[in-house]
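Student: I have just opened this structure and would like to learn how to read it. Could you take me through some of its features?

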Amino acid sequence: MHVALTGATGFLGLRLLRRLLGTHRSVTVLARAGSGDAVHRISRFFELTGAPEPFVAGLPGRLRVVETELERPGLGLSGPAFQELADGLGAIWHSAGSINLEGDLPELRRTNVEGTRHVLELAAAGRHSPVVHHVSTAFVAGRRREGVAYEDELDDAYGFENAYERSKYEAETLIHAWSRQHRRPVVVLRPSILVTDLPPHPELPSHPLQVIERILRDARRTAGLGSPASDDAGPDGPHGAGLRDGRPRLRLVGHPHGRLNLTQVEHAAEVMVRLAGRTPSGGVDTYHVVHDRDVPVSTIVTLLERLVGLSIDLVATKADALSALEALVDFYPGLAAYLAHRRRFDDTRVRALFGPSAASRPVDLDYLLRGLVPRDPVPAGPSPTPKAAFPSARYA
Ligand SMILES: NC(=O)c1ccc[n+]([C@@H]2O[C@H](COP(=O)([O-])OP(=O)(O)OC[C@H]3O[C@@H](n4cnc5c(N)ncnc54)[C@H](OP(=O)(O)O)[C@@H]3O)[C@@H](O)[C@H]2O)c1
């Protein structure tokens, strides 16, 4: 059964690809047209994560890259090329998407909703009725900040924290309609926030916490507060919220007992590919791919304080007078909304299938710090225990 994957160059897609290459001799990569050399980017990921040389050398022979335009009907391919692609597939993994929490709805709809529509068209056209594995997000649960979100729920009753959540919700509703209309199975995989302890690297895709850290760091610099490593923190604008212990103070709306679900991306990919091995029910099978323990928001606050050199206070409501730093951070409402969340994601279906093996290692402050602090450059000259540039990953 030949498999195609969209989003293979992304943070999650690369891990899905690694798993799929563990069970398939070759994979068709539906790469974004014009975004660069997909095989090169994929190969760099495998090199940087410690894949054996022969594995990396063999990649060009195992990856068939088809450049596609997700946002265009027929994926931007000619009619015959689209049909030939569709007819060769037994399964389609759709992981491509825009995860821009600050993006506007029309833009996010083009990628996340129309992109999904075009992937479904590909699945509908295929002679072998390929099964669709759609990567959604647990955050289609929307602006429900407390209680429990279940796997079989899909409604917009609570509204959404941002246009990203809405676009992913709309993509799921499209999938339900398509599945009913075509009487075809779809597996919907809903991960929570994905993280890694692999240190950041310019040639690897960022993950959401890295993006948040970058926003805060840039805001700090733009507000004239210097960089975290320097001690040149100046006065904090006309409505200065002041300094605490020499660190700029930042008030963010959040809940002191808030908690968020963060899942290791490697573990999420493993669970997803295991789920794909199940015989689908025939309709839409939805799974929450989440960690069994939430991370307290206070841990995330401590993490950001350490990385960006801030003193963060969680407050119940937005202050009337914002400091220069707070005004800059306020430009990113998608970022702070989650600090008030206390909701749990029920993953009974995954647990019922896999039992304790569905659980993963803890995500704690040390784990998160490792994934956000760039690895020190290897010192020049001989070293008794030379450090590998990156920790080795396990290969199936
Ligand atoms: N990261 C998370 O924490 C998280 C959590 C829950 C769900 N998800 C879901 O997981 C999926 C993968 O996310 P990710 O973390 O891997 O994101 P990512 O690192 O930003 O990667 C996105 C992937 O989608 C491709 N892509 C984006 N826009 C595209 C477009 N307009 N046309 C074609 N390809 C496009 C990118 O191609 P290029 O590399 O060429 O740009 C890349 O391969 C998404 O559907 C997302 O909603 C992610």
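Tutor: Gladly. Let us begin with helix H10, which is mostly covered: 9 of its 12 residues are buried. Buried means under 20% relative accessible area, exposed means over 50%, and partly exposed is in between, with a 1.4 Å probe and protein chains only as cover. The model is predicted, so local features need pLDDT of at least 70, side-chain atom pairs count only at pLDDT 80 or more, and totals for chains, interfaces and linings use all residues. Residues are numbered from 1 along each chain as its sequence is written, and side-chain values use heavy atoms, leaving out hydrogens and water.

Student: Which residues of H10 are buried?

Tutor: They are Val-297, Thr-299, Ile-300, Val-301, Leu-303, Leu-304, Glu-305, Leu-307 and Val-308.

Student: How is a helix such as H10 defined, and what span is expected of it?

Tutor: Helices (H or I, at least four residues) and strands (E, at least two) are DSSP runs, numbered from the N terminus. The expected span of a helix is 1.5 Å times one less than its number of residues. H10 covers residues 297–308 and reaches 16 Å from its first C-alpha to its last, close to the expected 16 Å. After H10 comes Gly-309, with a positive phi near 65°.

Student: Is Leu-75 buried or exposed, and what about Arg-183?

Tutor: Leu-75 is buried, at a relative accessible area of 1%. Arg-183 is exposed, at 74%.

Student: Now the ligand. Which residues come nearest to the ligand?

Tutor: A residue is near a molecule or strand if one of its heavy atoms lies within 4 Å of it. There are 28 residues around the ligand, and Thr-9, Arg-41, Glu-71, Tyr-164 and Lys-168 come nearest.

Student: Which atoms lie by the oxygen atoms of the ligand?

Tutor: A polar contact is a pair of N or O atoms within 3.5 Å; within protein, one must be able to donate a hydrogen and the other to accept it, and residues adjacent in sequence count only if both atoms are side-chain atoms. Here a backbone N or O atom of Leu-12 lies 2.9 Å from a ligand oxygen atom, and a polar side-chain atom of Ser-35 lies 3.0 Å from a ligand oxygen atom.

Student: Which element gives the most to the shell around the ligand?

Tutor: H1 does, with 3 residues.

Student: Finally, how many helices and strands does the chain have?

Tutor: The chain has 14 helices and 16 strands. Its radius of gyration is 22 Å, close to the 21 Å that the globule rule gives for 396 residues, so the chain is as compact as a globular protein of that length. That radius is taken over C-alpha atoms, and the rule is 2.2 Å times the number of residues to the power 0.38.
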